[in-house]
Amino acid sequence: MPLQGVPEMSLVPLPRLIVEPLVRAALLEDLGLAGDITSASVIPRDHRSTVVMAARQPGVIAGLDAAELAFSLVDPEIVMRRHLQDGDAVKPGDVIATIEGPSRGLLSAERTALNFLGHLSGIATVTAQIAAAIRGTRASVACTRKTTPGLRALEKYAVRAGGGMNHRFALYDAVLIKDNHVAIAGGVTEAIRRARAGVGHMVKIEVEVDTLDQLREAMETGVDAVLLDNMTPDQLREAVAIVAGRAITEASGRVTPITAAAIAASGVDLISVGWLTHSAPVLDIGLDFVEAATATETSPRRIAQCCNLLGPLRLSFDCG
């Protein structure tokens with residue numbers, strides 16, 4: 001089934017206030033105390049370039065705001081023109097954006113820009129793969145808190161770009177009673193009772209269960225959602241029947257694009273997948289120098305023509 005992300009109008013971008021500090025921190029890590037000494041030594045100060053950002057693998061794009069900020073923070077004269085948007089599906093060779101400006105700045109920012117764009121597009125891509133596998137069922141794919149420290153907002157945004165949903169963002173915005181909470185509290189019922197007494201009426205309560213007996217106990221006590229951990233499709237089907245619409249059902253454990261369809265067919269509402277954010281492979285995206293392109297000839301078609309014609313003059317910015 002072909003990959004698809006979300007329509008541009010359905011994807012709410014993150015505020016610059018959230019994205020910019022993360023990009024600044026990444027640039028500062030790379031530029032250090034002396035800046036890009038290679039580009040400053042090799043490239044004339046007044047040299048300008050046009051480069052294209054193009055996909056080298058099929059996937060779904062996410063992270064263009066972060067990439068654009070990387071360039072503009074290094075040099076405000078750099079202009080990035082987008083030909084695609086976050087949530088768009090790409091195939092190898094598709095031109096994502098054209099970037100023009102001082103060559104030193106382009107070279108200094110390119111790795112940070114590609115790091116963000118490749119990582120977030122990788123997350124969007126694997127999310128879209130799971131979403132494609134369960135299309136036609138009632139289930140949606142959701143991420144977890146298994147995110148890169150400091151990058152949670154961006155990574156959860158990338159999941160949305162790939163057609164997924166976000167689970168809770170942190171420990172403060174919802175109650176999720178897991179096996180260790182149950183063990184310490186002395187049982188499912190007591191853990192739920194304590195949680196309900198300790199939070200406000202606006203806070204949702206979910207409990208993780210490993211067995212159908214625990215599930216029955218949770219439903220007798222009353223919760224908003226149940227996390228059905230590492231259950232087989234047959235067990236999940238029975239669990240959905242026990243819940244009978246009284247709570248949201250969420251399945252987790254051993255989810256892959258291959259197993260997702262059988263899990264979704266059980267009738268669960270959500271399938272949560274930790275590896276969407278902690279193990280998604282980077283989507284290969286290149287940044288290539290296009291000397292033949294002019295300011296008036298930077299349409300995606302013209303850029304592709306220039307890349308094909310340049311041959312040995314086409315230089316790749318893939319270096320570390």
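Colleague: By about how many helical turns are D234 and R237 separated in helix α9?
Modeller: This is a predicted model, where local features need pLDDT of at least 70, side-chain atom pairs count only at pLDDT 80 or more, and totals for chains, interfaces and linings use all residues. Residues are numbered from 1 along each chain as its sequence is written, and side-chain values use heavy atoms, with hydrogens and water left out. Helices (H or I, at least four residues) and strands (E, at least two) are DSSP runs numbered from the N terminus. D234 and R237 are three residues apart in α9, so their separation is about one helical turn.

Colleague: What is the N to O distance in the salt bridge of D234 and R237?
Modeller: Side chains of opposite charge can pair when their charged atoms come close. A salt bridge here is a side-chain nitrogen of Lys or Arg within 4 Å of a carboxyl oxygen of Asp or Glu. For D234 and R237 the N to O distance is 2.9 Å.

Colleague: Is D234 buried or exposed?
Modeller: Buried means under 20% relative accessible area, exposed over 50%, and partly exposed in between (1.4 Å probe, protein chains only). R237, at 40% relative accessibility, counts as partly exposed. With a relative accessible area of 57%, D234 is exposed.

Colleague: Within what arc do the buried residues of α9 fall, seen down its axis?
Modeller: In α9 (residues 233-243), the residues L236, A239, I242 and V243 are buried. They line one face of the helix, because the arc within which they fall, seen down the axis, is 115°. That arc is taken from the directions from the helix axis to the C-beta atoms. The face turned away from the buried side carries exposed D234 and A241, whereas the arc of the buried residues is 115°.

Colleague: How many residues apart in sequence are the parts that R48 and E100 tie together?
Modeller: The side chains of R48 and E100 meet in a salt bridge (3.1 Å, N to O). R48 lies in strand β1 (residues 48-55) and E100 in strand β5 (residues 95-102), so the sequence separation of the parts tied together is 52 residues.

Colleague: Which helix holds E68, the partner of R82?
Modeller: R82 and E68 form a salt bridge, with the closest N and O atoms 2.7 Å apart. The pair links distant parts of the chain, 14 residues apart: R82 is in strand β3 (residues 79-82), and E68 is in residues 64-74, helix α3.
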